[in-house]
Structure formats: structure tokens, C-alpha cells
Amino acid sequence: MLYRETGQFKSTYSADMGIFPLRQDRNALFVLLAFAFIGVPLLAHFHVWPFGSEYLLRAILLPFLILSMAAIGVNILIGYCGQISLGSGAFMAIGAYMAYKFGTGMPEIGLPPLPVLVSILLGGVCSALVGILFGIPSLRIKGLYLAVATLAAQFFFDWVFLRVAWFTNYAPSGSVSAPELNVFGWVVNEPLERYLLCLTFVTVFALIAKNLVRGNIGRQWMAIRDMDIAAELMGIRPFFAKLSAFAVSSFIVGVAGALWAFVYLGAWEPLAFSIDRSLQLLFMVIIGGLGSILGSFLGAGFILIVPIMLNLVPSELGVPLSTETISHLEFIIFGSLICFLLIKEPHGFARLVTLMKEKLRLWPFPY
Amino acid sequence: MSVKTEMPVAPAETVPSLAMVMAEAERRPEADARQRLTTEVLLSVEGVSLSFGGVKAISDASFDIRKGEIRAIIGPNGAGKTSMLNVINGFYFPQQGVITFKGEKRREMRPYFAATSGISRTFQNVALFKGMTTLDNMMAGRTLKMNKGLFWQALRVGPAVAEEIRHREVVERLIDFLEIQHIRKVPVGKLPYGLQKRVELGRALAMEPELLLLDEPMAGMNLEEKEDMSRFVLTINQSLGTTIALIEHDMGVVMDLSDRVVVLEYGRKIADGTPDEVKSDPKVIDAYLGVSH
Amino acid sequence: MTALSIAIPGGIGAILAGLMFTLLRGDRKSAIDLAVHIFLAVVMAVFLAFLAAKAIDNPGGFLEILVGGLLSGVLYSLVALGFVLIFKASGVFNYAQGAMVLVAGLALVRSLDFLTASGVATVVAVPLAILFSGAVMALCAFVIEKWVLRPLLNQDGLTLFMSTIGATFVLEGLAQMVFGSEVYPLKLFPTDPMILLESVFPGGILVNKLDVWGGVIAGVLVAALALFFQYTKTGRALRAVADDHAAAQSVGIPISWIWFIVWLVAGIVALVAATVWGTKLGIQFSIVFLALKALPVLIIGGFTSVPGAIVGGLIVGAGEKLAELYIGELIGGGIEYWFAYVLALAVLLVRPQGLFGEKIIERI
């Protein structure tokens, strides 16, 4: 009864074009944001369970936020523009390593260490440039062929960051540590601070992504996805539409990669961005919902929750599983869920949310 | 059903909105219906040949489309009609021939050039963007007219929003004209065939074309839907002054709507003229009914 | 130095020939296409000239690497063949091929270990183990066909592809859970080196017996498959399905059965690849990535072409070995890891349909 558009008349097109035309949705979002920005820090400050524990912030919320952002990037490319990518991990790596290079300076070309925020964004820019480069084949090839082209990016950059010592500042172990996270004089160190930094990034980028996909460029992407030939005959240039999708997607994924390395991992090696990461992001997008920003969050949340649950639930029940079994179970669960969702609900969890809302809108009447 | 119950109301709503479409059209010089039939050639194809590997789809076909007319292209299945449309808007590149559009000679069209210079089309097997809503499909037709950069779109402030609203208004007028208000926000993949065809026409119109190519706009429709579609085609032609080339198998529709007809068979032109001339042409009758040997 | 002085003019000649070919082919191309073409032609010519120089310098050594590469490439061909069969018959681009090699290998090595541990003689144990892993592959084929492919009938290629990624994860998880996830050594074939053509080159050519075995087995399998598809009823039905699903169905060919057969054949191909790779490296998880190289092989050869798969596999096998040894020493080792993919990328840019594929005509 509460969730209903009755009586909410829109007299302007701009009101009709809002992200959430329904007042209830808007209110829910504001409450969620307020809780995330103000509620969580307060609860954490006063050590209210479960927010008092560092574990929740550091091991669940932080990766959730960063991977959600990466998933948004991947979703733009796969879900909105229909260009499959198995190389997202490589673009995260490019973001991370280039941010590292900018953050520690490049004396070879006389570049001093840049502020950390600038480095992170520049890491994203580098990722976007490489994304455009590897997107060029998409102008001639489609679908599955492109998947192999993006695999090329994945394997090539795995190798680059492992073997080209310049990227790791000639660290003998190949592992690098992030510079101090100094954001306009605010040194981000505590889990709570890291959380807030990432939350800000994610909020801003989710909003940008949402604006893009519901605007002119988003329509171009979707047109290319749904019927590329017709789109071309209507004056949508595949060149611009595809490469812009690659650029925007790689930029977001690159920034997420830099955050992953700087804020979450702190010290990392190329393995952090292997093909497993690419597939993980792909799964998030499929499970959450192709072509949905909300879905990116749902997918990331689900993919992160399952291993934790597999860890917690059996040990609570008194039958703890070995780490190996858990990782194998994870494989099986994700794999079968992917198949199941592709068969039953190709639009993932996001579609389920929409269906639920439809039901709620009519409740308590059946129709 | 709901459409039918609304029928008495529909005209009252349509008339003013159609007037708006016409008001829009009034500002364009070619809008005057009295001057509809001219001898000015908008597009001509000369000696076009197209083949795929060894298969000849079109061989040495020439015809022209005059400004403001409704030009029908007919012929048996496999005669190369759709290929001809594909050549005209640059999807296929012919091996030989010249295409002149608005006085500019080209060896081949390019899709983007065709779109920017005012050719739009619908497709034989509906080629809508299935995952997008009716509104988004038609807004996608406005792409060429929208020029605010990625930056403004990302922030969605000022110019980008203003532009979005401006084009939304145009599209809404078209939606009124085509009587598809009720499916504005429905993903087109879920629509029945007849409505999809209508949305596709709307998408093509959103480009404000000078030449509109319709590939079997009435295929698979019932009589009522055909009548609706014919009405739209005539209104577009007369009040917007849009030149129309259409492929159609329903001879009744072709003879009623078109000003001139070109007949293709096995990629060759076998007849060209007014509907009456074509109807009585022995070669056309042979092509359709078979030759007695 | 003499070698370079021969190879460099040769390389320049190759560049010019490539350019002529590009310019004269008559396809109208955009400026980007042309630039990419020219760039790739130059890179390719430099690479070939470089190889030629090396070959002239030390023909024996060059031939040794080439033969080794070709023989290991045969296995890529074999796995790629499994891909082609599945792609032709069901339109599925099968990411799970690598996982299938892992499953087959694990089933084989674990059952073999079990049998020998319980005192069965090797002569009996090996066929039994092979039978068992064949049965496991049949089960895989059955399950994938029934629960993944059949419900997704008539979906677009991308959805099917993603569903095979899902299947990959299930297979990898299950196989490791059931059979274990360590490195299991497998000793089916001799692995000692042997020397060929000693009379022609000083020192002769060093070849691993295992590679020769692999080559022979793969050759036999390819021949057997060719006969099977050409001369049996099932083979004919399969070719019909490959040509047109709906038409084949309408003349009464049981499409599910055909798909099962195809996946089974791909599974057996995976088993053969697993025996050879397993002998070389031991059965372990990373074998998945080795088998995944069949993807670029396919791109190079063309998705739908059996000869393409074979030639593509040989090109990749020889190319990556040569690149690893001659270029790897210049820019750091490990090129093998990506060479095949980058080569595939280059082929995609020039000839999207692959070397043997048919040109795609788009319709609307």
C-alpha cells in the first residue's frame, strides 16, 4: 500500500526523466546513502555490533565497494554495449600499476611523485587509453571473437607487470606497496577512513555511470548492443559508440583497480589481477544483472558474501570445511548459478528486484 | 482491447498533436502539400550492380526518386529490392554504378553519410533495439541531432538536460502522431509485431529524414493495421513533405499509395512508371504470373 | 652478420609484398584498417626476417625448435578440433574445453593411481583407467547437454558462451573436489630425448620422444575422426546438424543425441590431450590454461574449419616456441604465455574470419 505512484503527477519531462521517478524510491536511496555516509561511521565509532569490528569494514564493505565499482565499469561494456570482455582484470592492473608509477614518480621523464588522488585518476586514464587500443578490434569483430581479443589483453598485461621491472620500480620480489594515502592532507589509514574514501568514489562513479547510461551515449551503447547494423544505418557511429564504451568502462575499472591496490590491498603483486579477477567481475555482472547499475552492486555483494557464508555457516554448525573445499564449493556454486540464471533469468538479481517492486506496487491486490 | 475502447477519445487527442507535427513541418520549405509532386530528382541510381561472390543480386539497375513523391519498389521474392535499399543507404557497396543524392554523385553511399544527409529507413524484419523502451528507441533516432559531449552527459546538468528535454518534446509529438502513448515506457521486445512496426516507423521519423525508405511496412499485418499504416505513410508524405520509397507486396496498397512504381525481377529493372502503366505492362504480368511457353 | 644481411633485404621484400597485397586486394578499406594492416605487415616481416637470420645462423638449432614447436602444436590442433566440432554442431563457443582436459586428466591419473595401488598390473590398469575417464567424459557430455545446452537452445552465441564459462567453474570445482587438487605425475609415454638427422646437422636435432608420441597419437585421432564423420551414419547426421539445426531436426535427426556425441568426442579429444600434457607436466590445474590456447588457435584457423584448426595449432605451436627462444631472450622470457593470443589478435585485425574461414556476409 505504501509503494505506489498514485497521486505523483509529473508535469515536466525533466521530472519524468529522473533516476528514480517514484518518490518512495528516492526516499529509500536517501536513507541508504545517509546510513552509509553517517550511520556506519557513527555505529563504528560507538562500536555497535557488527559495525564495531574492523573485520566488517576491512574484509567485507571495502572489497564490496571497490568491486561494485569495477563491476559497474564491466557492466557498461558488457551489459550496456554488448562487448564481451574477459580482460577486466588487466584493466584493473593497469589502473593499479600506473597509479603506483604516478604516485611514486617517474624520474626518467622528470615527473615528481603526484598526489595520491591524482595518481589514482591518472591510473584510470591510462587504463582508458589501453582500453581504447584493445577496443579497436571490436570495430571489425563481434561477440566471441572479441572475447579472445580481450583474453589477449589479459594474458599480455599479466606478463607485462610480472616481467617488466620498470612498472614495479625494480622491486626484486615483484611485489609493490602503495604510497601513503594522503587526500588533500587527510591521511587515510583507519579502516573507517578507507571505507569513507571508497564510498565517496563509488557514489560519484555510480552516479556518473547512471547519468551516462540514461543519456544519449547510453542509448547509443544499447543500440549497438541490440542491433548494431540498424544503429549504424541510423547514424550512430560504431567507432565512437564502441570506443567510448571501452574508454568509460576501462576508466572506471582502472580507478577501481587503483583503489583495490592502494586502499584495500596496500601491497600487491600481478596475481591480484589475474584472469580469475576478470571472471569474478564477469560473474558479478551476470549474476547481478546485465545492463543494470543496481545489479552491479547486487552481484558484487553476492559474490563476496558466498565464500564468507561458506566459511561461517558450516563452522557454526560444527562441521568446518577446509579452505580447499570452500574454494571448490565456491566454484561449483558460482558456476551452476551462472548457468541457472542464464537459463531462467538472464537479467539477474536486478530483474528480481524489479519484479518484486511490481508486486509491491499492486500489493495487496494480485493485479 | 484497450485501444479500441479509447477510440472515441483518440481523434480529439490526435488532432491537436498532429497539428503540432504539421506546424513543425510548416517551417520547412518543402512542406507545402500543393507542391508535393515536382520533377526535381532527390535520388537517382544509375547502372548499379551488386553481387556476393558469384551471386548477382542487382544487375545494372537505374531509376530515380523525385522529391516529395511516394515511390514503390516491387518485384517477386529475391528480386533484389531489399538489396537496393541497402545500397541506397550504404550498407552494401555496389561493384558498379553511381548514386546521386541531392545532386551529389557518389560511387557508393556510406551508412553514416546516408544518415547525416537525410536518409532513414525501416527494416523488413523489424530491427528495433529490443532491450530499450519505445521512448529510448525513438530518442536513439535523434542521436545525430544531439551534440552535447560526454562530460555534460556524465554530470547531467545544464546543456545536456536542456538538450534531452528539447528532443524529448519532438519525440513525444511523434508518439502522439503514431498513437503509441500507452507503450512509451515498454521495452519494445515485448510489443506485438504490429506495434513494433509502428515504433520502427517512429524511430525512422525521429531522424527527420528527407528520404524515408520503408521495407515492407505492412508485411504480416491485418487489414486494420494496414489501414493505420497507410494513413501514417500518407500523412508523413503530405504534411511533412517527406519523400518515401517503399517496398511492398500488397498490390492494393502499392497501387493506392504510390505515385510511381519501379518493378525489379532477378536484379533487373523490368518496368517503371505510374501504377496504371505498370499494372498493364506485359513484362510485369509475366513476372508475377509466370510466362506461358 | 651475413645472415642478417640476407634476412633484412628479404624482410623489406616481404613488407613490400604485404603492402602490395593489401593495396591491390580491392576491398575498400578505411584509413584505420589500412594503418593497422601496414603496421602488422611490418611487424610480421621484421619477425620473419629475424627468424630467417637465426635460421641461417644455426640451421640445426632452428630446425630443432621448429620441430619441437610443431609437435607440441599438434596437441593444440587436437584440442582446437574439439572446439570446432562443438562450434559447428551446436554453435557453442566452448570455454569449458580446458576444464574438460583437466577433468579427463584427473579422472585418468587418479583411477590409475588407485588401480596400481590396489595391485592391478599396469597392462590391465591403463586400459581400465582410460575406460573410466572416458565414462567420466561421457557423463560430462550428458550433463552439459541436458542441463546447460538444451534449456538454452536458440539463445545467442554470447549467452551460450557465458554458460560454458559457468560450466567450466562447475567442472573445475567438482573435479578437484572429487579427485583432489594437487600435481599428479602421469607416466604413460617415454619422455627421454632422442636425436634425429645426425648425419645432416652437426649434433643432430634433439627431439623429445613424448612430443613424437603426441604427434603420432594426434595424427591417428584426427584421421579416425575424419573417417568417422565422413563414413558413418552419425557422422553424416552430425554434418547435417552443423549445416542447419532446424533442417536436420525436421528430417528426424535427434539433435540432443548428436550434441551428446559431439561433446563426447570433444571429451575424448580432451582425454588424449591430457595423457600427453599430463606426462609432460603432471596433471595439475594450470593445464586448463594450456588447453585454453585452443581459442586463439581457432581464431587463427577459422571457427568452422577442421583444416584451419590443424594448421592454426601448428602455427601457434611453432610460433610460440620460436618467439620464446629468439625474442624471449631480448625482452624477457615467458612470451609463450601470451604469444598465441596476440597472434590471434593480429589475425583478427586483418582477416576476422581466420585463415580458412568463410567471409561473413551480413544481412538485414
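Let me start with chains A and B: 26 residues of chain A are in contact with 33 residues of chain B. Two residues count as in contact if their C-beta atoms, placed from the backbone, lie within 7 Å. This is a predicted model, in which local features need pLDDT of at least 70 and side-chain atom pairs count only at pLDDT 80 or more, while totals for chains, interfaces and linings use all residues. Residues are numbered from 1 along each chain as its sequence is written, and chains are lettered from A and ligands numbered from 1 in the order in which they are written.

On the side of chain A that touches chain B, two or more residues come from each of α1 (13–16), α7 (191–213) and α8 of chain A. Helices here are DSSP runs of H or I, at least four residues, and strands are runs of E, at least two, numbered from the N terminus. The largest share, 13 residues, belongs to α8(A). By class, this side has 13 nonpolar, 8 polar and 5 charged residues. Nonpolar means Ala, Val, Leu, Ile, Met, Phe, Trp, Tyr, Cys and Pro; charged means Asp, Glu, Lys and Arg; the others, Gly among them, are polar.

Next, chain A with chain C. How many residues does each chain bring to this contact? Chain A gives 35 residues and chain C gives 38 residues. On the chain A side, α6 (143–163), α8 (216–233), α10 (275–288) and α12 (323–344) each supply at least two residues. That side has 26 nonpolar, 5 polar and 4 charged residues.

Now the sheet in chain B. It is open, with 6 strands in the order β6-β7-β8-β3-β9-β10 and mixed pairing; strands pair if DSSP finds at least two bridges between them. At the edges are β6 (119–121) and β10 (268–273) of chain B, each pairing on one side only. Inside the sheet order, β7 (residues 211–215) and β8 (residues 243–247) of chain B pair in the parallel sense over 5 bridges. In that pair, Leu213(B) is opposite Ala245(B).

Last, two helices of chain C. The axes of α4 (residues 97–117) and α6 (residues 157–179) of chain C come within 9 Å and cross at roughly 15°. Axes are lines fitted to C-alpha atoms, for helices over the stretch in contact, with angles from 0 to 180 degrees between N-to-C directions. α4(C) and α6(C) are therefore roughly parallel to each other, the word for angles under 35 degrees. Their contact includes Leu106(C) of α4(C) and Leu171(C) of α6(C).

Conventions
Angles under 35 degrees count as roughly parallel, over 145 as roughly antiparallel, 65 to 115 as roughly perpendicular and the rest as oblique.
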